[in-house]
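Subject: The structure you asked to see

Hi there,

Here is the structure for you to open on your screen. Have a look at it, and then read on for what turned up.

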Amino acid sequence: MSMGHYTNLTDPRTELEVVRDWNGVDQVVLRSPRGAYARVSLHGGQVLSWRNDRGEELLFTSSKAIFKPPKAMRGGIPICFPQFGNSGTLEQHGFARNRIWALDEEHPPLNQNDNNSKASVDLILKPSEDDLKCWPHCFEFRLRVSLTKDGNLSLVSRIRNVNGKPFSFSFGYHTYLSVSDISEVRIEGLETLDYLDNLSQRERFTEQGDAITFESEVDRVYVSSPNVIAVLDHEKKRTFVIRKEGLPDVVVWNPWEKKSKTIVDFGDEEYKQMLCVDAAAAERQITLKPGEEWTGKLELSEVPSTNCSGHLDQPGII
């Protein structure tokens with residue numbers, strides 16, 4: 001994606017740095033004092049880029065990604081709501097990732113002076129008339145994306161039922177991590193858990209390995225998972241620490257060689273450089289009564305692998 005296609009805008013009221021892509025869709029840029037960076041598109045409320053203070057991109061984006069609404073872009077962190085996957089009547093992963101969100105005027109978009117020195121943007125999605133035809137429930141979805149002074153990426157989703165009756169939904173942060181070589185990656189924190197295998201009609205199995213490693217296609221929903229897990233990239237000597245709250249499941253996906261060749265907006269060999277590890281509510285739907293609100297949080301941090309011991313023992317600290 002050539003940066004030459006962007007127009008820089010600065011909103012003087014909010015001090016947000018806003019760039020406009022070639023489709024005319026606004027994207028908000030967040031920067032930490034140490035040089036970490038994140039970019040969030042109002043198309044889907046999707047985080048498109050997250051870089052550390054050395055300028056290294058930490059999220060995967062396919063070289064064949066289609067940057068044209070209403071199609072969701074292949075990469076970054078698409079928001080899956082009100083359906084995760086294809087287990088329902090809606091389009092794959094729901095419609096939130098394909099809608100244009102708005103800046104949330106009711107919340108201060110940038111909080112540089114709070115205790116954590118977070119750079120934040122607040123977005124909001126409300127259903128359109130067309131959305132209500134396919135999913136007849138009134139909701140307000142508020143999303144806050146933040147970059148901490150240490151460069152950690154935080155997403156907080158708050159979904160409120162403003163309907164006169166209860167509704168249920170599933171949800172996921174469909175997180176495409178950038179890895180050096182999938183065969184050199186392992187996940188810690190999901191050992192001994194039950195998982196639903198989407199490659200076997202969601203049959204339930206129990207994880208047997210000491211850690212999860214990859215040598216073929218994987219599409220699993222790990223249920224009742226801990227709130228902290230780690231993704232270790234041996235070649236880069238880098239560990240992603242994933243912290244979550246309100247999201248009981250972790251979905252792990254890599255399409256491997258054969259499936260990759262069937263995905264239009266995905267390169268044949270790109271499965272080697274990516275891994276999806278999604279904080280999700282996928283096995284059981286969340287139900288909200290009228291007026292109730294649900295919160296689901298995700299925080300991603302990147303640490304040198306040598307320093308990562310002990311991270312899995314920490315409670316959720318979002």
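What is the order of the strands in the open sheet of nine strands? The order is β7-β8-β9-β10-β22-β19-β18-β13-β16, and the pairing is antiparallel. At the edges stand β7 (102-103) and β16 (212-213), each with a single partner strand, so one side of each is left without a neighbour in the sheet. As a reminder, strands of a sheet pair through backbone hydrogen bonds, either parallel or antiparallel. Pairing here requires that DSSP finds at least two bridges between two strands.

Before the details, please keep in mind that this is a predicted model, in which local features need pLDDT of at least 70, side-chain atom pairs count only at pLDDT 80 or more, and totals for chains, interfaces and linings use all residues. Residues are numbered from 1 along each chain as its sequence is written, and side-chain values use heavy atoms, with hydrogens and water left out.

**The overall picture**

The protein has two helices and 22 strands; these are DSSP runs numbered from the N terminus, helices being H or I with at least four residues and strands E with at least two. Of its 318 residues, 54% count as buried (under 20% relative accessible area; exposed is over 50% and partly exposed in between, with a 1.4 Å probe and protein chains only). The accessible surface comes to about 14200 Å², and 46% of that belongs to carbon and sulfur atoms (Shrake-Rupley method, 1.4 Å probe; for residues, only the protein chains shown count as cover). Among contacts with a separation of 6 or more, 63% are between residues 24 or more positions apart (contact means heavy atoms within 4.5 Å).

**Strand pairs**

Ile-187 has Val-231 of β18 as its bridge partner.

The largest pocket holds about 630 Å³ of space. Of the 26 residues that line it, Gly-85, Gln-92, His-93, His-174 and Asp-219 are the closest to its centre. The elements giving two or more residues to this lining are β17 (218-222), β20 (249-254) and β21 (274-288). By type, the lining divides into ten nonpolar, eight polar and eight charged residues.

The second largest pocket holds about 240 Å³. Its lining has 19 residues, and the closest to the centre are Asn-52, Asp-53, Arg-54, Asp-150 and Glu-302. Strand β22 (residues 293-304) gives the most to this lining, with three residues. Here the division is five nonpolar, four polar and ten charged.

On the terms: on a 1 Å grid over the protein atoms alone, a pocket is an open set of points with protein on both sides within 12 Å along at least five of seven lines, where a 1.4 Å probe fits, and lining residues have an atom within 4 Å of a point. Grid points are joined across faces, edges and corners, and a volume is the space filled by probe spheres set on the points. Ala, Val, Leu, Ile, Met, Phe, Trp, Tyr, Cys and Pro count as nonpolar, Asp, Glu, Lys and Arg as charged, and the others, Gly among them, as polar.

**Individual residues**

The peptide bond from Phe-81 to Pro-82 is cis, with omega near 0 degrees, and Pro-82 sits in the loop between β6 (79-80) and β7.

Thr-192 is not a glycine, yet has a positive phi of about 65 degrees. Thr-192 is in the loop between β13 and β14 (194-197) and counts as exposed, at 61% relative accessibility. Trp-256, also not a glycine, has a positive phi of about 60 degrees; Trp-256 lies in helix α2 (residues 256-260) and is buried, at 18%.

Phe-266, in the loop between α2 and β21, is buried at 1% relative accessibility. Leaving out residues up to four places away in sequence, Phe-266 touches Phe-60, Ser-62, Lys-64, Arg-74, Pro-255, Ser-260, Tyr-271 and Met-274.

Best wishes
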